[in-house]
Amino acid sequence: MNIISWNCRGAGSKAFPSIIRDLRQEYDANFFILLETHVSGPRGKQIRDKMGFDKSFVVDAMGHSGGIWCLWDSAVWNVDVVDQDRQYIHLKGICSSWENVQANCIWRVGDGSLIRFWDHYWIPDVGNLSATVNQVSNITNSSDMLTDFLDVSGQWDIRKLQEVLPEDVVKRIATISPPSPWKEADHIAWGLSSDGQFSIKTAYQNLRDTQATPNKIFQLVWTWKGPERVRTFLWLVIHNAILTNVERSRRHLTTDNACPRCRQHEESILHLLRDCSYARRVWQRLIPANGIHSFFNTSLHDWLILNLTANSYWSCLFGVAISSLWFFRNKLVFKGEIVDAASGSYQIQARTKEFLKVATSNLKPKNNQDTSGSIIRWVRPNGEYIKLNVDGSWFAHRSNAACGGVFRDSAGRYLIGFAGNLGNCSIMHAELWAIVHGLTIAITHGYQNLMVESDSVAAINFIKNGSSSGHHCAPLIQDVRVLTERLKKVSWIHVFREANTVADQLAKKGHDLPLGLHIFDSSPPDISYALLCDCIGTVRLRGS
Ligand SMILES: [Zn+2]
C-alpha cells in the first residue's frame, strides 16, 4: 500500500502521464493524489486515461486554478467518496491487505479437529508446511490432520515426522503441545502479538518492516531537516525530475541541452548544481577550504549522500544551496535576472541560519511579529480598524506590471479585494497604484479607519517622508496624500512579503486580467488558501 500525494501545479504537460507511470512503478504506488492540476474536462480525462489507473475521483480545475485528482487501483483499494468541495475531497478507503493479515494468522493447537497438517499455518516461524517443505510434496496429503501424526500415547510420532520433514521442522513441532480431545477446539490467533489478539499497531509495523526498504538516499531526504519546500526540491533531484535542459531534451521538449549560464556544457543536474562555473563560485564561498577537493569529485548519487549525511548545519545548508541554485537559474532563464555568486551565497547562508535558529527554538513564536524577523505572519487589525494589504508585481518576461489588494476586518474576514493590470510601468508605480486603488475603494466603502500594509519599504517611505516633486512617482504620491485626507485614520506599515501573501497573489492575478481595475466582492477561489492561512495565523518562515 503506497500513496503518493503531489502538489503538481499543472498536469497538462506532455510528459506528465509518463512521469506518473514512472513514479507509480518506482514506488509501487497504487493511490495518487494530484493537487493543482490546472486542467479540467475532457482534456483532463484524456490525461488521466494515460496514467493507467482504473478508478478516479476528480474535482475539476476552475479555469487555470485548482483541481484535485485522486486515482487508484481498484484491485488494491475500495474507496468511497464522503464529501467534496472545490478545495477538498474527503475519501474513505479500505486497502486490501487480506494477504498480509492471512499470512500472520496462526492456528493455536487445541483438539486437532480443524487444523490441516500441511495446509495451515500452525508452526510458529515456519509457515504452512506444504509451502515450506517442497521436497516432500509427493507425500503430502492435504487431508492429513494433526492427529494423523500422533502415536498411540497421544504424543507426537517423532519417527513418522522425521520421515516426511526436515530435522529443524521436527524440532519445532516437538515443542508444540500436541492436540488432545480434552482441549478446546483449534482456533486462529494473530501471530504478531504475544496474546494472539489482533492489533493495528502490530499489523502496521509488520507492513512497514516487510515493505521493500527504499534506498538510503530516499531515507535521507525523508529525514532531512530543513525547509519543507526545499525537501520537495531534493525529492525531485533524486528522481532526476528537475527540468534541466538535458532532461527537457530527453523528453523532447527542446533540442538545446546546453547550460543557459555558461553555454559550454550540457546542463545536467550535476552541472547545474555543482560543476558550472557559476555554481562553483557559489560553493567556494560556502565550503570549508579543506573540503573542496572531495566536494567536486563525486557522482551525483555519492555527492548527495555525502552532503545529506553531514552535520545538521551543513546538510541543511546543502539543501538550501542546491534549491537556491535552481531558483537562481530560473530567475536567469525566465526573468533575465542575475544573482551574483557573492549575494547568492550570502542568501543561502542567511536562509539556513534562519531556519536552524527557528528549528532550535522549537518553533515557538513569540508575539506576532517576531523581533528576530524570522517568523512572520499576518496579524488581524484591532477592532476599530480595517486592514488593507497591497502589493505590486512586475513580470519582466512580459514587460507587464500589475497590482492587487485585500481588505479584511478584525476577525480576519475578507471584505473586498481587487486586482489591476497596469500595463508597462515600473514596479514602484505598481506598488503605489495598489495603494491608490486601495484608498479609493476604502473611501467608497466607508472604511474610515485604515491600516495599510505594503511589503515595499520604498513605497512606505515615500508616503511617510514625501518625494521630490520631480520624482517620476510624485503624481501618485500626491494622489495618495489627497485620498488619505478623505479618511479618518490611516496608518502605514511595512510588512515582510511572507505576511502579505494574499495581496501578492492578487497582484500576480492582475497580469492575467484585462487592462484596468477589477474588484472582487467575494474572494476569488485561488486566494482562499492564503486567506485561511492568514486567518488562522499560520506562521511563515522568512524566505518560504
Ligand atoms: Zn554552465
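**A predicted model: loop, zinc site and helix pair**

Trainee: In this predicted model, in which loop does Ser 65 lie?

Mentor: The strands on either side are to be identified here. Ser 65 is placed in the loop between strand 3 (55-59) and strand 4 (68-72).

Trainee: Is Ser 65 buried or exposed?

Mentor: Apart from residues up to four places away in sequence, Ser 65 touches Glu 36, His 38 and Asp 526. Buried means under 20% relative accessible area. The relative accessibility of Ser 65 is 19%, so Ser 65 counts as buried.

Trainee: What is the arrangement of the four donor atoms around the zinc ion?

Mentor: The protein donors are Cys 259 (SG), Cys 262 (SG), His 271 (NE2) and Cys 276 (SG), at 2.1 to 2.3 Å from the zinc ion. In sequence, these donor residues follow the spacing C-x2-C-x8-H-x4-C. Four donors count as tetrahedral if all angles lie between 85 and 135 degrees. Because the angles here are 102 to 122 degrees, the arrangement is tetrahedral.

Trainee: Is Cys 259 buried or exposed?

Mentor: The cut-off for buried is under 20% relative accessible area. Cys 259 has 3% relative accessibility and therefore counts as buried.

Trainee: How many nonpolar residues are in the contact of helix 14 with helix 15?

Mentor: Helix 14 (residues 300-308) packs against helix 15 (residues 312-335) at an angle of about 135 degrees, with the axes 8 Å apart. Helix 14 is therefore oblique to helix 15. Trp 303, Leu 304, Asn 307 and Leu 308 of helix 14 meet Trp 314, Ser 315, Phe 318 and Ile 322 of helix 15. In this contact no residue is charged, two are polar, and the nonpolar residues number six.

Technical notes. Residues are numbered from 1 along each chain as its sequence is written. This is a predicted model: local features need pLDDT of at least 70, side-chain atom pairs count only at pLDDT 80 or more; totals for chains, interfaces and linings use all residues. Side-chain values use heavy atoms; hydrogens and water are left out. Axes are lines fitted to C-alpha atoms, for helices over the stretch in contact, and angles run from 0 to 180 degrees between N-to-C directions. Helices (H or I, at least four residues) and strands (E, at least two) are DSSP runs, numbered from the N terminus. Angles under 35 degrees count as roughly parallel, over 145 as roughly antiparallel, 65 to 115 as roughly perpendicular and the rest as oblique. Contact means heavy atoms within 4.5 Å. Ala, Val, Leu, Ile, Met, Phe, Trp, Tyr, Cys and Pro count as nonpolar, Asp, Glu, Lys and Arg as charged, and the others, Gly among them, as polar. Buried means under 20% relative accessible area, exposed over 50%, partly exposed in between (1.4 Å probe, protein chains only). Donors are N, O and S atoms within 2.8 Å of the metal (3.2 Å for Na, K and Ca); water is not among the atoms, so sites may look incomplete. Four donors count as tetrahedral if all angles lie between 85 and 135 degrees; four count as square planar and six as octahedral if opposite donors are over 155 degrees apart and all others between 65 and 115; anything else is irregular.
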